[in-house]
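Welcome! Let's get to know this structure through a few questions and answers.

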Amino acid sequence: MVTAFAVTMFFSCKNNFEEVKKIGVSENEPIGIAENINLKYTDSGRVTANLRSPKMLDFTNREFAYNEFPEGITLYLFDEQNQKSTVISDYAIVYDKTGLVDMQGNVVLASATNDTLYADQLYYDQNKEWLFTNQAVTFKTGRDRINGTGFDSDVKFKQAQVLEIDGIITLDE
């Protein structure tokens, strides 16, 4: 009888210990809050991206871990020649497992060659160094202003495509 009671106590304590570990951490709350952050992403010692934000909420305690930037971000992207493109947005989420950055609200991307993209939402795949969206965009390059309902490009704009386009496009004769 004493053994049965001791075994019951042991298993009860284990379950209670798991509950005690959760005290003070709501599943809907971040496990950390950071202010004035400056994150640098590198590949083989070369900085490929630099993300800055006034505030970051850490939700890495979730099954699908992410970091949220409720006050927006400034993201600098660097190519192999260290030329910088800049992306700003009002809000962003970075998903840890996929390396995807989801930028939303007044997204502006300015390339090193002064090409500029305006969108309501833009994704950046850190692993592939690729930008894309299926939302409305405006792309300004030189004298051209191209409107479309999607965008797909490498970070250098060498393979930039605006989907379902209209706008002002200059043609050489």
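Q: Which residues form one aromatic cluster?
A: This is a predicted model, and a search of the whole structure finds 5 aromatic pairs in it. F59 and Y66 make up a pair, and F64 and Y95 make up another. One aromatic cluster is formed by F59, F64, Y66 and Y95.

Q: Is the aromatic pair of F59 and Y66 stacked, tilted or edge-to-face?
A: Planes under 30 degrees apart count as stacked. For F59 and Y66, the ring centres are 4.9 Å apart and the angle between the planes is 20 degrees, so the pair is stacked.

Q: How many residues apart are F64 and Y95?
A: These two rings form a tilted pair, 5.5 Å centre to centre with 40 degrees between the planes. F64 sits in the loop between β2 (46-59) and β3 (66-69), while Y95 belongs to strand β6 (residues 91-95). The pair links distant parts of the chain, and the separation is 31 residues.

Q: Which side chain of opposite charge is nearest to D125, and how far away is it?
A: D125 lies in strand β8 (residues 116-125) and is buried. A salt bridge needs the charged atoms within 4 Å, and D125 has none. A polar atom of the D125 side chain does lie 3.1 Å from the backbone nitrogen of K128. The nearest side chain of opposite charge is that of K128, at 4.6 Å.

Definitions and conventions
Residues numbered from 1 in each chain as written. Predicted model: local features only at pLDDT ≥ 70, side-chain atom pairs only at ≥ 80, totals over all residues. Heavy atoms only, no water. Phe/Tyr/Trp six-rings, centres within 6.5 Å; stacked < 30°, edge-to-face > 60°. Helix = DSSP H or I, 4+ residues; strand = E, 2+ residues; numbered from the N terminus. Buried < 20%, exposed > 50% of the residue type's maximum accessible area, 1.4 Å probe, protein only. Lys, Arg positive; Asp, Glu negative; His and termini not counted. Polar contact = N/O pair within 3.5 Å; in protein donor to acceptor, adjacent residues only side chain to side chain.
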